[in-house]
Amino acid sequence: NVDYIIREIKEEEIKLLDRFLYLAIYVHKGEVPPPFDIIYKPELQVYVENLGKERDDHILVAESEGIIVGAVWVRIMDDYGHVDDETPSLIISVEKDYRGKGIGRSLLSSMISLLSRCGYKAISLSCQKENYAVSIYESMGFEIIKDIDEEYIMRKEI
């Protein structure tokens, strides 16, 4: 078992989200992961560019023994999971060695609570159909609202 805390990110840690954005990219079984610089494509930069500067940017991290091992953030943006201009899109990832320990679920639950306190009505995300996380999202109340090729757009009322 791993001891960890969920907390808001510190400004000097925001640059670490590039790594967590990369970790959030789903790689199909048997495929070689893309090069790290894929995160600099415009369709992925929307997740991290000027992050923390907008009113609807909210960022939480999981810290274990002084190391950030997971991150979840939301912003209202025109991304894969966009549903409307009032619903923040969610990005979440956990370092590989820390997966399967409840950290992702805890990050997600903490973000939902934070958004609820801030008055948001819903949250959305995009998830590859093959990703095991689909079942986690469903167990936490997310519903599939769009089925597009290899991915689902999921939404949860808060």
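Guide: Ser126 lies in strand β5; strands (E, at least two residues) and helices (H or I, at least four residues) are DSSP runs, numbered from the N terminus. This is a predicted model, in which local features need pLDDT of at least 70 and side-chain atom pairs count only at pLDDT 80 or more, while totals for chains, interfaces and linings use all residues. Residues are numbered from 1 along each chain as its sequence is written, and side-chain values use heavy atoms, with hydrogens and water left out.

Visitor: What is the relative accessible area of Ser126?

Guide: Buried means under 20% relative accessible area, exposed means over 50%, and partly exposed is in between (1.4 Å probe, protein chains only). Ser126 counts as partly exposed, because its relative accessible area is 29%.

Visitor: How many residues of strand β5 are buried?

Guide: Strand β5 covers residues 122-128. The rest of the structure largely encloses this strand, because the buried residues number five of the seven.

Visitor: Which residue in β7 stands opposite Ser126?

Guide: Strands pair if DSSP finds at least two bridges between them, and β5 has seven bridges to strand β7 (residues 151-157), running antiparallel. Contact means heavy atoms within 4.5 Å, and the contacts of Ser126 beyond four places in sequence are Tyr80, Gly81, Glu151, Tyr152 and Ile153. The one standing opposite Ser126 in β7 is Ile153.

Visitor: With which side chain does the side chain of Arg7 make a polar contact?

Guide: Arg7 sits in strand β1 (residues 5-8) and is buried, since its relative accessible area is 14%. A polar contact is a pair of N or O atoms within 3.5 Å; within protein, one must be able to donate a hydrogen and the other to accept it, and residues adjacent in sequence count only if both atoms are side-chain atoms. At 2.7 Å, the partner is Glu63.

Visitor: Which element gives the most to the lining of the largest pocket?

Guide: On a 1 Å grid over the protein atoms alone, a pocket is an open set of points with protein on both sides within 12 Å along at least five of seven lines, and lining residues have an atom within 4 Å of a point. The largest pocket holds about 1,300 Å³ of space, a volume being the space filled by probe spheres set on points joined across faces, edges and corners. Among its 46 lining residues, Leu23, Ala24, Ile25, Tyr26 and Asn131 are closest to the centre. With five residues, the element giving the most is β4.

Visitor: What value is phi of Asp149 near?

Guide: Most residues other than glycine have a negative phi, and most peptide bonds are trans. Asp149 lies in the loop between β6 (143-148) and β7, and it counts as exposed because its relative accessibility is 66%. Its phi is positive, near 50 degrees.

Technical notes
On a 1 Å grid over the protein atoms alone, a cavity is a set of points where a 1.4 Å probe fits but cannot get out, and a pocket is an open set with protein on both sides within 12 Å along at least five of seven lines; lining residues have an atom within 4 Å of a point.
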